[in-house]
Amino acid sequence: MKIVIDTDKCEGHNRCYSIAPELIEVDDYGYASAAGDGSVPPELEEKARLAVDNCPEFAVTVVED
Amino acid sequence: MADVSDKMDASPPATDPVTDWATDYDIFDADYVANPFDVWDDLRDECPIAKTDRWGGSWMPTTYEDVVEMARMVPVLSSRDPIVVRPPDDGPSDHGDAPDASAYTTVNAPPISSDPPVHTWSRRLILPYFSPKATALHEPFTRQLCHDLIDAHIESGQIDGAADYAQQIPPRVIAHLLGVDPGKAGEFTEWVQGVLEVGLSNPAVRTKYRMKIREFFMAEIADRKKNPGDDLISDLLKAEVDGEPVSDLHVAGTCNLLLVAGIDTTWSSIGAALWHLAAHPDDTRQLVEDPSMLPNANEEFLRAYAPVTMARVVDEDAEIQGCPMSAGDKVLMNFPAANRDPAAFEDADKVIIDRQRNRHVAFGVGIHRCAGSNLARMEMEVALGVFLERIPEFSLADPGAVTWAGGQVRGPRHLPIRF
């Protein structure tokens, strides 16, 4: 699984970062991007899905391998 | 500190009773302020975008879909005047003609009172002070402050969760952040209530307190120019946009925003969460036993008791979501009602502290997402965490004595708690 942030949609709510800090990086302005290449280890897949389901901007998606 | 309630009657002005909420709603109606939820449920079923001629007239969407879509209609729905009740015709203008509102207007509060392009750069100026990392720096101060407030009441077995606790926290955190005299916190409270509570329906009072705030910050700005420090105001004065320094009035306007938007809103959220916990001992017990649940519970409190409704202005005549809106009409971004829409949330009317899927819009959505949301979350989590740690069992001393303020910022103002 990979987590993907649409940076055009992200408005910096930081819901994803607060749920899955292992998977998300936040810049100095509070905008999010995927950490590394976005790969989600199996034990964090549920967190990744929650990051998707809590983003008010629908900016977070996951891509299943 | 000054007891503002002695100076100002924060209860909404008496108006004719409402008989038809779809065509004649009143956001200052006392029963609505205390319990708006049933009205929103009825409106969603019968007339999801309500209209009123009261208070200068406005439209009010109540579904998640409409509120979210309309919040993204920039600049068709402009943010140049985010307060619903207009000032009297003979009073100072409440919205500048210039997008920067650089004249001596009274709602100069960029970026909240602006549209792009001014919104874009003025928001970028302040965002670094409100990132998760930046706001975490204020956590130790906030935690100590909360303990000090509890210390003052722990022996008595009673505390007003709103006046003695929630209301005391954000003014001091904002003073800390702005680098101004913490002894000003009591005055900040009075000014903000003057603008956002009494002043919301009384533009003359609002103007008076806006002037006080501007005078205060213009004096602070003059001081920082002579004695620059390591603080937000000094940094804003050093900032450049396209090679030009930012005007003093812009800096004063942004400080005004941080003060007005960062205080009343956050104490309303803390107070509403305490009100819920005081009446729901099972939820309190779960959070005391497992404090790691608090961040998630906090999001649910934000969803269920979202305090803030911002206004937009229709830029030109247009049919919006099927409604014939005219240039100059106000539209209430009813984020609290959107958060209670059963089409968007399972069991929307229930407070479920371990709710997992919660795309709430308490902080708005789109380009005007609350710039201070990370600070507000930190304050809420610390305030609730310290309260539960120090006072693990508590209840409402007198449910009938609880009072609410409302209009565009809803939260409890008297919340007698016993423990």
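**Strands and sheets**

Guide: Let's begin with a pair: B:T403 stands opposite B:H414 in β13(B). This is a predicted model, where local features need pLDDT of at least 70, side-chain atom pairs count only at pLDDT 80 or more, and totals for chains, interfaces and linings use all residues. Residues are numbered from 1 along each chain as its sequence is written, chains are lettered from A and ligands numbered from 1 in the order written, and side-chain values use heavy atoms, leaving out hydrogens and water.

Visitor: What makes β12 and β13 of chain B a pair of strands?

Guide: Two strands pair if DSSP finds at least two bridges between them. Strand β12 (residues 403-405) and strand β13 (residues 411-414) of chain B have three bridges, in the antiparallel sense, so they meet the rule. Strands here are DSSP runs of E with at least two residues, helices are runs of H or I with at least four, and both are numbered from the N terminus. Five residues lie between the strands of this hairpin, where B:G407 takes a positive phi near 105°.

Visitor: Which strands make up the open sheet in chain B, and in what order?

Guide: The order is β4-β14-β11, with antiparallel pairing. β4 (158-160) and β11 (395-396) of chain B are at the edges with a single partner strand each, so one side of each has no neighbour in the sheet. β11(B) is joined to β14 (residues 416-418) of chain B by two bridges, and B:S395 has B:R418 as its bridge partner. As background, strands of a sheet pair through backbone hydrogen bonds, either parallel or antiparallel.

Visitor: Which hand does each crossing have, left or right?

Guide: α10(B) and α11(B) cross right-handed, while α11(B) passes α13(B) left-handed. Left-handed means that the near helix is turned anticlockwise from the far one by less than a right angle, and right-handed means clockwise.

**Cavities and a pocket**

Visitor: How do you know what counts as a cavity and what counts as a pocket?

Guide: On a 1 Å grid over the protein atoms alone, a cavity is a set of points where a 1.4 Å probe fits but cannot get out; a pocket is an open set with protein on both sides within 12 Å along at least five of seven lines; lining residues have an atom within 4 Å of a point. Points are joined across faces, edges and corners, and a volume is the space filled by probe spheres set on them. There are seven cavities of 30 Å³ or more. The largest cavity has about 750 Å³, and among its 45 lining residues the closest to the centre are B:I112, B:L257, B:A261, B:T265 and B:C370. α15(B) gives the largest share of this lining, nine residues.

Visitor: How does the lining of the largest cavity divide by class?

Guide: It has 29 nonpolar, eleven polar and five charged residues. Nonpolar means Ala, Val, Leu, Ile, Met, Phe, Trp, Tyr, Cys or Pro, charged means Asp, Glu, Lys or Arg, and the others, Gly among them, are polar.

Visitor: What about the largest pocket?

Guide: The largest pocket has a volume of about 650 Å³. Of its 29 lining residues, the closest to the centre are A:S18, B:P295, B:E299, B:R377 and B:E381. α19(B) gives the most, eight residues, and the lining has ten nonpolar, ten polar and nine charged residues.

**Backbone exceptions**

Visitor: What makes the bond from B:V74 to B:P75 worth a remark?

Guide: Most residues other than glycine have a negative phi, and most peptide bonds are trans. The bond from B:V74 to B:P75 is cis, with omega near 5°, and another cis bond joins B:P116 and B:P117, with omega about 10°. A:N14, not a glycine, has a positive phi of about 70°.
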